[in-house]
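Hi there,

Here is the structure I promised to pass on. Please have a look when you have a moment, and then read my notes below.

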Amino acid sequence: MGVLNIKAVKENTGVVLDFVTAELENNNFPADLHSDILVAAEEIFVNIASYAYGPEPAGEVIITSNVTDEATFTFEDRGKTFNPLENVNPDLSSPLAERKIGGLGLHFVKSLMDKTEYRRDGDKNILMFAKAAK
């Protein structure tokens, strides 16, 4: 199990992705699944960095990993209450020019992962996603 406590700023996205990659590699998680997990981790972290806190000061994000036969990553922040899983899935059937901007990243997270869960615990947003080794 690994833990990364990091400031929620977009400039730290590379550090987050390095942490996730190291956790997957150190636990021999199948390499063909790494890219799906990295897409999910990047989307969740960038959303927290962009929307959880006010412009300044940025708050912290605690990322916890548990990688066995399933890779589980949990993102915890003390930002504004926000359950990204409640967002309506984007309309992918309408013409591109008529679609609303945004919403695809979280759609990808839900589509790529085997499990996604959100809960609010006191003043914390806690979002977990998991992908099983196949």
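The notes below start with the whole chain, go on to the cavity and a pocket, and end with a handful of residues.

**The chain as a whole**

Please keep in mind that this is a predicted model. The protein chain has three helices and five strands, and along the sequence they come in the pattern β-α-α-β-β-α-β-β. Of the 134 residues in the protein chain, 40% are buried. As for contacts in the protein chain between residues at least 6 apart in sequence, 67% of them join residues at least 24 apart.

**The cavity**

How many cavities of 30 Å³ or more does the structure hold? The search gives one, and the volume of the largest cavity is about 40 Å³. Its lining is made up of Ile-44, Pro-84, Leu-85, Leu-106, Val-109, Lys-110, Thr-116 and Leu-127. Sorted by class, that lining has six nonpolar residues, one polar and one charged. Helix 3 (residues 104-112) is the element that gives the most to the lining of the largest cavity, namely three residues.

**The second largest pocket**

The second largest pocket holds about 220 Å³ of space. It is lined by 16 residues, and the closest to its centre are Asn-47, Ile-48, Asp-77, Phe-82 and Pro-84. Two or more lining residues come from each of helix 2, strand 3 (70-77) and strand 5 (124-132). Helix 2 gives the most to this lining, with five residues. By class, the lining of the second largest pocket has eleven nonpolar, three polar and two charged residues. You will meet Pro-84 in both places: Pro-84 is one of the residues that line the largest cavity, and Pro-84 is also among those closest to the centre of the second largest pocket.

**Aromatic rings**

A search of the whole structure turns up two aromatic pairs. Ring pairs link Phe-73, Phe-75 and Phe-129 into a cluster.

Val-20 is a residue of helix 1. Is Val-20 buried or exposed? Val-20 counts as buried because its relative accessibility is 0%, and the cut-off for buried is under 20%. Leaving aside residues up to four places away in sequence, Val-20 touches Ile-37, Leu-38, Ala-41 and Phe-73. Phe-73 is also a member of the aromatic cluster. Val-20 and Ser-65 are 45 residues apart in sequence, with 7.8 Å between their C-alpha atoms.

Ala-52 sits in helix 2. At 10% relative accessibility, Ala-52 counts as buried too. Ala-52 touches Asn-47, Asp-77, Gly-79 and Lys-80, again not counting residues up to four places away in sequence. Of these, Asn-47 and Asp-77 are among the residues closest to the centre of the second largest pocket. Phe-82 is in that group as well, and although Ala-52 and Phe-82 are 30 residues apart along the chain, their C-alpha atoms are separated by 7.8 Å.

Asn-5 belongs to strand 1. Not counting residues up to four places away in sequence, Asn-5 touches Glu-60, Val-61 and Ile-62. Asn-5 and Val-16 are eleven residues apart along the chain, and 9.6 Å separates their C-alpha atoms.

Asn-12 lies in the loop between strand 1 (2-7) and helix 1. Although Asn-12 is in a loop, Asn-12 is buried, with a relative accessible area of 18%. Its contacts, without residues up to four places away in sequence, are Ile-6, Lys-7 and Phe-45.

Asn-28 is in the loop between helix 1 (13-26) and helix 2 (34-52). Which way does the accessibility of Asn-28 go, buried or exposed? Asn-28 counts as exposed because its relative accessibility is 68%, and exposed means over 50%.

Best wishes

Conventions:
Residues are numbered from 1 along each chain as its sequence is written. This is a predicted model: local features need pLDDT of at least 70, side-chain atom pairs count only at pLDDT 80 or more; totals for chains, interfaces and linings use all residues. Side-chain values use heavy atoms; hydrogens and water are left out. Helices (H or I, at least four residues) and strands (E, at least two) are DSSP runs, numbered from the N terminus. Buried means under 20% relative accessible area, exposed over 50%, partly exposed in between (1.4 Å probe, protein chains only). Contact means heavy atoms within 4.5 Å. On a 1 Å grid over the protein atoms alone, a cavity is a set of points where a 1.4 Å probe fits but cannot get out, and a pocket is an open set with protein on both sides within 12 Å along at least five of seven lines; lining residues have an atom within 4 Å of a point. Grid points are joined across faces, edges and corners, and a volume is the space filled by probe spheres set on the points. Ala, Val, Leu, Ile, Met, Phe, Trp, Tyr, Cys and Pro count as nonpolar, Asp, Glu, Lys and Arg as charged, and the others, Gly among them, as polar. Rings of Phe, Tyr and Trp (its six-membered ring) pair if their centres lie within 6.5 Å; planes under 30 degrees apart count as stacked, over 60 as edge-to-face and the rest as tilted.
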